[in-house]
Structures are given as structure tokens and as C-alpha cells.
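I opened the two-chain notebook again today.

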Amino acid sequence: MSNHPDAKNPPRSGSPSDNTAQNLREKRRLSAPMTDEQARAVLARRSRRGFVVAASALIAGGFGLRGLLSPGGGGIFERSRAFNEQLGRKLFDLDSSAPEFSRDRAEEPRVNGTEGLSDGFDPDRWRLQVTGLAKAQDFPQFASDLSYEGVVENPLAEKFPATPAAGLLLSLDEIKALPRVEMTTELKCIEGWSTVVHWAGARFSDFAAKFPPQAGTDGGGKLPPYVSIVTPDRGYYVGLDMPSILHPQTLLCYEMNGAALTLPHGGPLRLVTTAKYGIKQIKRIGRIAYTETRPPDYWAEQGYDWYSGL
Amino acid sequence: MKQLENKHPLAVRWLHWINFPLLTLMIWSGLLIYWANAVYRIEIFGREIFHFFPQKFYEALGIPFQLAHGMTLHFFFMWFFALNGVLYVAYTVFTGEWRALVLVPGSFKRAWLVTLHDLHLTKTLPPQGKYNDAQRIAYTTVIVMGFGSLLTGLAIYKPLQLAWLTSLLGGYEWARAEHFILTIGYVLFFLVHLAQVIRAGWSNFRSMIAGDEIVEVAPPAPPAPAAVSVIEGESNR
């Protein structure tokens, strides 16, 4: 600026050289001369047309929106969600991670939901049921009947069978035998709040490597596209897409802020992931199923986005 | 004799009027979402003087318990809001309309004079082009704000996949606050915009519908440097 020719003698406000329109070469678009009446007639006609278009748009838009805005809306929102999900899945190729915080930032998160955490649960008798595995019968933990003593089931929860198909019954020690991972990350609730929490557990990807899922039916030895996770009482259930569940920041978590996970926070085992809102980070995992079909999801049934990816 | 001066090309009028309901829907659905964690407030010396928003406000508008619906709407209309904004900016760039709209050196000083004039404290207006400098500031700012809403919105929509963006904006919590503040900014913009449109009168408003305003026939174009007088004549209308 200092070597600008006018720098020593800046134009005063209001002086002609100050004129911004002139300096920036604004163009004016002028019609041929006409009488005042002619000009008014032209504009009256055009603004009338404008108001007719606006009124029609308002009426059409009003009726259209009334359908759209009513909870549940139209099928257009389903397509919109599918589109956004596709985009979210594309973004997943970026392979990024959520930031980690220093350990001393960690706080106790709100206990925001108790769905699926029914009374009478005995963590000592708890077992993790796993289905949809490749060669499950080769594991010593294989069980042809996955029921176990002490599970309290909600008789009204018919979405999932009381006893799943044959698979594995695992103890917490078998999860703890997997490489231990700690991370201090932000737990993000779909309501809009977030809390920094220190978590410890096993990466789901390590779990899936140790207990590999059955290859998808689409051939090529691909993984099945979904994982279904349900509480022991079948009262809360989430579905997750395979890329999210295999993200390195997705843990089968058994410790929070340096202590064993308490029951209100999902003990003995819960899901923690930076890839989803809290609604997907199911507490008190009862069973894990690899599946070909998109699993039912508690909050998706209440109108929330099934994918809910971050 | 009169002539018609085209103030707002057809494309700008459409984009402007399409933006109005879109922004309204974005703010509305944003409110449905914000309600679920309505934590922002204005404090002076630790004392809360305003909470966003009072319970009566939510109840009067039927906002409570619509988070899921709000998110569905927000993540549907966001595409149209963004597309409309991109088209508008692209249009002004390709046609050169941006020249009349952007901040230029001295804009702030002259905008101050415009403000004094509009508040009836002074009688004279500084020279201007199609828009005065207060308008230049407002119209430049609101476009930057729109861009800011897209960025802060993306940062809270995909804080994992776009973690670099979220960090750049000060983290997830800050990005959410910024997104909210920008929205309050639109509401303030709208209030001033509305007041000024009413003040400017029918002919000005009609030009956003019909495109043109009626002006006196300009004297034959003088040699280039003296063209200043044409503009000055206009500024005093």
C-alpha cells in the first residue's frame, strides 16, 4: 500500500476520486427512453406476474411442505438419508481419526438413557453371545445353545429370539485378553452435548480378527455389511455398518476414567466409538451378531437416522 | 423522459427469493435441533441476562421434542441452501455483479456516514455506486456468514471424517457455538434488511420482483472521467 501513488495524499471522503462505483467499473443496464406512464405500465405488468408466481409457489410450497414437515414426512426424506449415508460412507475412505485429549480433561458423562438396563442383572453371570461367525464350532467357546443362567429378558421384546442360533459364549476375561487400548475422546450425544471421557477396552477390529465373521454372501470372501448388538434383556439394540465398527477408535469398552465400567454406564461391556453418536454406543452388550441384513435399531425406529455417522 | 434501469437480473431475483424460505427452514429445523441441548446464554459478570431461548418461546412455536425431525429436515434442506448460495456467488462472479457488492477501501468510513444519515443525524450521503457502503458491508458479510455456516455445519456434522476442519474451528463445542452465533447473525441481518427495505420504499422493493426501477433519462454519456456525475446524481435519489 505504501508505494501506492495516492498513499501520501489519500482521497477525502466525498471527493470524486473516492467514488467506488467508478473505481470498480460497475455497469448500468438501462432501457430505451420512454414516458413515465409506459415505464409504470411495464413494471406493473412485471410485478403482477412476479406476485402471481410467488403466490402459486407459496400455495404449492405450503401444501408440499405440510406433507414434508409433518413428523414422518414423505419418502423423500428416506432418499435424502440414503444419499447422506452414501456420502458419509465415501468420507470414511478418508481414514481419519477423531482428536484425542489429554487424560486430565476426562469427565464423568451423563447417564442419559437406561433403555435395555433392566433390574436384576448379574454381571458375574454375564456372558457375551456372538453369532454369525466363520467356523464357530472350531472355537473352544462354541455353544450350540447360547442361553446361560442369570439372563433377565424382557418378555415383550420379540424383535430378537430369546436364544440366538449357535455361536460363542465369551467371558469378560476373553475380551480383556485382546490387546488393551486406551483413548481419551469426546463422547458426542445426538442431543448436541459432548463430554471428554477416558476409555479402555479392546478394539472391535481386534475382536473381529480373533473371532472372524462369516464371509458375506456376495462372494469374494467379503465381510458381512452389518453388525447387530443387543442388550441381554433385548430392550435396547443398535445396528452398525462394518466400516464404522472396524474403525480403530471403536472399542469394546470395559473401563471408564480408570475404573471398571459401572452398571449405569454400561458395565460390564459397552461399545464406544468416535464414528457414531452416543445412541449407537450401546451399554451392557448382551450379544453381537454379524449379519447380512440391516439390523433393527432402537432410535432409528423413533425417527432418527439409522446411520447416524460422524 | 424516463427509462428503466435493471437493478436485479432475473437470476438474482430467483436466487434471492428461493433463499428466503430455504434459510427460514434451516433456521426452523436448527431450532428443533438446538432445543435438545439449549445451553447458550448471555452473561454479564456471571449473571445470566438472556437464555437462548425462553421456555415460552419454545412452547409458543411448538418446538419441543422434535430433534429427530429437525435433523431430518436440516440434513435435507442443507443441500438446497448450499447449492443456492453457490449459484448466487458464481453468478455474481461470472457477470461482474460482485463489483457492486464487495467491500472496497474506505467502505467502513463511508458506511459510518451512511449510518449517521440513516439515523437522521446528518443530512448528506457519501458517494456510492449501485449500493452504498453500509450495504456493501452487509451483503459481503452475509455471504461470508453463509460460507461460515457451511463450514461450521460440516464441522459438527462430520467431526470424525472432517476432524481437521473441526479442529481448525476450535473443536466440536466451539464449532457448534459458531454455527449458532452465525444463525443469530442472520436473524439480526434480516431485521435490519427488513427495516431498510420498508424505509427505501415501494420502487426499491418492486425492483426485487420486477427487476427494474424507473429513473430519469441520463444525459448523453460524457468522456470517461466525467462519468462521475451520473453516479452522484443517482446517489442522491
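My entries follow, chain by chain and then across the contact.

**Ground rules.** I am working with a predicted model, where local features need pLDDT of at least 70, side-chain atom pairs count only at pLDDT 80 or more, and totals for chains, interfaces and linings use all residues. Residues are numbered from 1 along each chain as its sequence is written, with chains lettered from A and ligands numbered from 1 in the order in which they are written.

**Chain B, overview.** I looked up the secondary structure of chain B and found 10 helices and four strands. These are DSSP runs numbered from the N terminus: helices are H or I of at least four residues, strands are E of at least two. Along the sequence of chain B I read β-α-β-β-α-α-α-α-α-α-α-α-β-α. The C-alpha trace of chain B spans about 65 × 40 × 35 Å along its principal axes. Of the 237 residues in chain B, 27% are buried. Buried takes 20 or more other C-beta atoms within 10 Å of the residue's own, exposed 12 or fewer, and partly exposed lies in between, with C-beta atoms placed from the backbone. I also checked contacts in chain B between residues at least 6 apart in sequence: 65% of them join residues at least 24 apart. A contact means C-beta atoms, placed from the backbone, within 7 Å.

**Chain B, one helix pair.** I picked helix 1 (residues 10-34) and helix 8 (residues 172-200) of chain B, which pack at about 135° with axes 11 Å apart. The axes are lines fitted to C-alpha atoms over the stretch in contact, and angles run from 0 to 180 degrees between N-to-C directions. From helix 1 of chain B, B:L23, B:I27, B:G30 and B:Y34 meet B:F180, B:T183 and B:Y186 of helix 8.

Which order do the six strands take? I read 3-4-2-12-7-8 in chain A, an open sheet with mixed pairing. Strand 3 (142-143) and strand 8 (237-241) of chain A stand at the edges, each with a single partner strand, so one side of each lacks a neighbour in the sheet. Pairing needs at least two DSSP bridges between the strands.

**Chain A, strand 12.** Strand 7 (residues 226-230) and strand 12 (residues 287-291) of chain A pair antiparallel over five bridges. There A:S228 stands opposite A:A289, and A:V230 has A:R287 as its bridge partner. Strand 2 (residues 128-131) of chain A runs parallel to strand 12, joined by three bridges. In that pair A:Q129 is partnered by A:R287. Four of the five residues in strand 12 of chain A are buried.

**Between the chains.** I counted 50 residues from chain B and 56 residues from chain A in the contact. Helix 3 (residues 67-95) of chain B gives the largest share of the chain B side, seven residues. Strand 1 (residues 29-30) of chain A pairs antiparallel with strand 1 (residues 2-6) of chain B over two bridges. A:L30 has B:E5 as its bridge partner.

Technical notes. Contact = placed C-beta atoms within 7 Å.
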